[in-house]
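Q: Below are a sequence and its model. Please take me through the labels and what backs each one.

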Amino acid sequence: MTSLIWLSWPEVSSVAISLTTRAIILRRTNYGEADRILTILTPEHGQLAVIAKAVRRAKSKLAGGIELFAICELGLVKSSSATNGMWTLTSSRIVVFYDQLMLDYDRLQFGYEAIKQISRLSSAVDTPELYQVLAGALASLNSRLIDLRLIKAWFSLHLARLRGSELNLLTDSNGMKLVEGVSYDYDIAEQAFVYLDGGGRYDTETIKLLRLLSANPASILARLKIENETVLTNALYLASLAEQSG
């Protein structure tokens, strides 16, 4: 939601834009004696730079609403005469706080990595899907019932797609449709499955899992229980290859 307001100071008057949006905090950097510079990701406005004034002071009412690993609702304002392009934080509150992921070292570390990857990509690409992918990853990491390997594979597949290096799960290196019941190898150089007469390493179940993960939002993860360790390991490996090639 956006609107126009008037800001007035001695000898200064300008039109300002106000904005209320949900956001994920990507980075917080101390600035000056008590301020912070925030890099945030929003569903509709992409990545934004925000200054949170006096937020490091003990009595700040804004500090509690700009936590990492959370969905926040932020009030922002930016003057039309601003030269630094930054928004100013005017209000903040936590909508959802993913506190459980912080209790598991591996989930916490992957949470940081996911934020880092999305932060880097969102500085160059403007699409609402980046917000949805990061929010989905954080929500999934918060549930101990979801296998971390599934979350990593899901995240890698969707990140690869947004980078333009989506894993080809339809045809092999010769352009032939992947056939159920046939095992394939994977050619890293060609970024494609390869048919071999004697069969390959990656079977139908692995390809089915990759298709399911790549075609669905993160909510699908809570319904998946993969008992075949080889399928899970192979899916994670192939998903990571797709992400690295982007």
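A: Start with how elements are named: helices (H or I, at least four residues) and strands (E, at least two) are DSSP runs, numbered from the N terminus. Gln117 lies in helix H1. This is a predicted model, in which local features need pLDDT of at least 70, side-chain atom pairs count only at pLDDT 80 or more, and totals for chains, interfaces and linings use all residues. Residues are numbered from 1 along each chain as its sequence is written, and side-chain values use heavy atoms, with hydrogens and water left out.

Q: Is Gln117 called buried or exposed, and why?
A: Buried means under 20% relative accessible area, exposed means over 50%, and partly exposed is in between (1.4 Å probe, protein chains only). Gln117 has 9% relative accessibility, so Gln117 is buried.

Q: What does Gln117 touch beyond its neighbours within four places in sequence?
A: Contact means heavy atoms within 4.5 Å. On that basis, Gln117 is in contact with Phe155, Leu159, Arg163 and Glu243.

Q: How do you know that the span of H1 agrees with expectation?
A: The expected span of a helix is 1.5 Å times one less than its number of residues. H1 (residues 105-122) has 18 residues, so it should span 26 Å; its end C-alpha atoms are 26 Å apart, which agrees.

Q: Which residues are buried in H1?
A: Among them are Arg107, Leu108, Phe110, Ile115 and Leu121.

Q: What reaches the backbone nitrogen of Asp106 at the start of H1?
A: A side-chain oxygen of Asp104 does, coming within 3.1 Å.

Q: What makes Glu67 and Arg28 a salt bridge?
A: A salt bridge is a side-chain nitrogen of Lys or Arg within 4 Å of a carboxyl oxygen of Asp or Glu. The closest N and O atoms of Glu67 and Arg28 are 3.9 Å apart, and the pair qualifies. The pair links distant parts of the chain, 39 residues apart: Glu67 is in the loop between strand E4 (46-52) and strand E5 (70-79), and Arg28 is in strand E2 (residues 12-31).

Q: Why is Glu67 called partly exposed?
A: Its relative accessibility is 32%, so Glu67 falls in the partly exposed class. Arg28, at 31%, is therefore partly exposed as well.

Q: How many salt bridges does the structure hold?
A: Six. One of them joins Asp147 to Arg149, with the closest N and O atoms 2.9 Å apart. Asp147, Arg149 and Glu229 are linked in a network of salt bridges.

Q: What makes Glu180 and Lys208 a salt bridge?
A: Their closest N and O atoms are 3.1 Å apart, and this pair qualifies. Glu180 sits in the loop between helix H3 (148-163) and strand E7 (184-187), whereas Lys208 sits in helix H4 (residues 204-215).

Q: Why do Glu180 and Lys208 get their accessibility labels?
A: Glu180 has a relative accessible area of 58%, so Glu180 is exposed. Lys208 has 39% relative accessibility, so Lys208 is partly exposed.

Q: Which residues touch the most other members of the largest nonpolar core?
A: A nonpolar core is a set of buried Ala, Val, Leu, Ile, Met, Phe, Trp, Tyr and Cys residues joined through side-chain atoms within 4.5 Å. Phe193 and Leu221 touch the most other members of this core of 72 residues. H3 gives the most to the core, with 10 residues.

Q: Why is Tyr195 called partly exposed?
A: Tyr195, in strand E8 (residues 192-195), has 43% relative accessibility, so Tyr195 is partly exposed.

Definitions and conventions: Polar contact = N/O pair within 3.5 Å; in protein donor to acceptor, adjacent residues only side chain to side chain.
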